[in-house]
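Here is a friendly tour of the aromatic side chains in this model. Have the structure open as you read.

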Amino acid sequence: MNTPAHMALSLATLGHHRRPGDWWLLSAGAILPDLFLFAAYGLPGRDGDTMALLIDVFNSVPVYLAGLAASLVLGARGPALLAGSALLHVGFDLPLHAGDAHVHFWPLTDAVFVSPVSFWDVAHFGRIAGTLEGLLFVACLVVIWRRLDGAVQRMACAGFALVYGAAFVHFVGHAFAGEHWALW
């Protein structure tokens, strides 16, 4: 799934209490697994082995489960939200990555689960999975929108929808027209 879709899913499913700071923690947790994927493309002179290890660590179910368990034992709500959101991200990535799958069970194993389904690759049902992701994003956005108070929050939500919309247009261009429809 695209990172904004992970964020929307976390906010819609885990963000129902609306305590101050929760949505920032949930958003950060949804971004964590993709953080070093973004860095790998944006940092000049990066060490490939180090970056690969960081990508493995930040996509690791055992790492986030340990963080969630420790947070719950210590009664640390914020870190629990962060770890729970990251686990939700990894849980939805696991069945939706074909040729670009991650090592989701580091350090227990370096094995990679290569799914027959991809959220973007048309050779692996990407048209269907990507379209379903778009519908899931819209459903999550409706849930989020209904929880918002005031024009400023709704404007931020609309901006968030535009960011995802740009990613979705990019997906549609590749999946259905074989062209690069993107602003970047």
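Phe 125 is placed in the loop between α5 (77-93) and α6 (126-147), where helices are DSSP runs of H or I with at least four residues, numbered from the N terminus. This is a predicted model, in which local features need pLDDT of at least 70, side-chain atom pairs count only at pLDDT 80 or more, and totals for chains, interfaces and linings use all residues. Residues are numbered from 1 along each chain as its sequence is written, and side-chain values use heavy atoms, leaving out hydrogens and water.

Now to the rings. Rings of Phe, Tyr and Trp (its six-membered ring) pair if their centres lie within 6.5 Å; planes under 30 degrees apart are stacked, over 60 edge-to-face and the rest tilted. The count by this rule is six aromatic pairs.

Relative accessible area sorts residues into buried (under 20%), exposed (over 50%) and partly exposed in between, with a 1.4 Å probe and protein chains only. Phe 137 is buried at 4%, and Tyr 164 is buried at 3%. Phe 36 is buried at 19%, while Phe 58 is partly exposed at 21%.

Phe 137 and Tyr 164 also belong to one aromatic cluster with Phe 160, Phe 168, Phe 171 and Phe 176.

Definitions and conventions
Helix = DSSP H or I, 4+ residues; strand = E, 2+ residues; numbered from the N terminus.
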